[in-house]
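Dear colleague,

Please find below the structure that I am handing over to you.

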Amino acid sequence: TGIIMQDIAIIIVTYNSWNHLPNCLDSLKTAIAHVSAKVIIVDNASTDGTPSNITENYPWCHLISCEVNGGYSRGNNFGLKAAGFPESTDFRHALLLNPDTELPEDAIVRLLDYIDGQTDIGVLGPKLVLSNGNIDKACKRGLPTPATAFFHFTGMAKIFPKSPLFGRYNMSYIDENEIAEVDSTVGACQLIKGEALAKAGLMDETFFMYGEDLDINLRIKNLGYRIVYYPRVVVKHHKGTSTRKEPTAMIRAFYGAMNLFHRKHFASQYSVVTNTIIYGAINIICHYKLLQNSTKSSHKRVVGSAPE
């Protein structure tokens with residue numbers, strides 16, 4: 001055809017994220033200096049002036065303003081569709097990025113080099129580091145089967161973090177500085193091969209927030225692609241900036257997503273009795289976390305994405 005595809009479409013979904021977005025976009029502008037890229041920001045009905053600030057200060061970004069907050073999956077799908085995915089003829093890859101991340105200047109180039117050098121990689125995720133310098137455990141995850149989730153929530157994973165059996169939820173037995181094949185990376189920063197998106201389709205919008213990244217990673221993995229954790233690139237993640245404002249809703253969303261994920265991917269493998277026990281356990285943990293959260297001061301509140 002003679003059409004040269006651009007390297008990457010970068011999708012950022014925002015919701016009252018202006019406190020962190022400028023740092024993200026400033027780092028991103030440097031990181032895409034030597035690649036062909038388009039940055040698409042989907043704003044989920046922010047009330048903090050995010051859309052007008054983007055238009056005024058970052059005219060090189062393409063803004064899509066939503067009148068209602070339809071959730072993280074729906075927002076990402078708006079951005080992906082604007083770039084022509086799932087079968088884009090304009091971009092080779094898609095990067096899903098949170099507004100509370102900051103990228104080193106070589107991040108995009110190094111991620112692209114690695115995914116382009118390995119034809120069987122469907123999703124590539126960097127190492128994410130929290131504001132306190134610790135790894136964001138969600139950036140290399142195992143499939144949350146009932147057994148894996150049980151070992152995590154009963155504390156067995158903390159007691160035996162180096163055990164491939166007990167530590168599978170966050171794959172804590174994998175050295176955080178080693179390139180490794182994992183079950184899932186995290187939606188805060190994950191590079192998805194366009195060819196894999198064309199086969200797997202877009203995000204499942206029944207996941208409002210949480211679980212959608214696990215879902216799309218699993219669907220891509222089931223097509224025969226590898227999901228790879230790539231710690232040679234380290235991205236800062238100021239986690240929970242938009243979720244901490246509504247912790248009760250986010251905790252409910254997190255455990256609701258867990259419920260939904262089990263129903264979609266595992267329920268058919270278990271008896272009605274076992275599934276009832278699993279749904280009941282999820283419900284109990286959710287209520288415990290809500291109660292625990294209500295006794296904490298606002299800055300210490302648990303966010304749904306970190307149900308430690």
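How many aromatic pairs does the structure hold? It holds twelve aromatic pairs, where rings of Phe, Tyr and Trp (its six-membered ring) pair if their centres lie within 6.5 Å, and planes under 30 degrees apart count as stacked, over 60 as edge-to-face and the rest as tilted. One of them joins Trp18 and Tyr58, an edge-to-face pair with 6.2 Å from centre to centre and 65° between the planes. Trp18 lies in the loop between strand 1 (6–14) and helix 1 (21–31), and Tyr58 in the loop between helix 2 (50–57) and strand 3 (62–66), so this pair ties together parts that are 40 residues apart in sequence. Tyr58 is buried, at a relative accessible area of 8%; buried means under 20% relative accessible area, exposed over 50%, and partly exposed in between (1.4 Å probe, protein chains only).

Please note that this is a predicted model, in which local features need pLDDT of at least 70, side-chain atom pairs count only at pLDDT 80 or more, and totals for chains, interfaces and linings use all residues. Residues are numbered from 1 along each chain as its sequence is written, and side-chain values use heavy atoms, with hydrogens and water left out.

A further pair is formed by Phe153 and Tyr169: the ring centres are 5.8 Å apart and the planes stand at 70°, so the pair is edge-to-face. Phe153 belongs to helix 5 (residues 146–153), while Tyr169 sits in the loop between helix 6 (156–159) and strand 7 (180–182), 16 residues apart. Phe153 is partly exposed at 23% relative accessibility, whereas Tyr169 is buried at 13%.

In helix 5, the buried residues are Pro146, Thr148, Ala149, Phe151 and His152. Their cover includes helix 6, helix 9 (247–265) and helix 10 (272–294), with contact meaning heavy atoms within 4.5 Å. After helix 5 comes Gly155, with a positive phi near 90°.

As to the whole, the protein chain has ten helices and nine strands; these are DSSP runs (helices H or I, at least four residues; strands E, at least two), numbered from the N terminus. Buried residues make up 54% of its 308 residues. Of the contacts with a separation of 6 or more, 77% involve residues 24 or more positions apart. The C-alpha trace spans about 55 × 40 × 35 Å along its principal axes.

With kind regards
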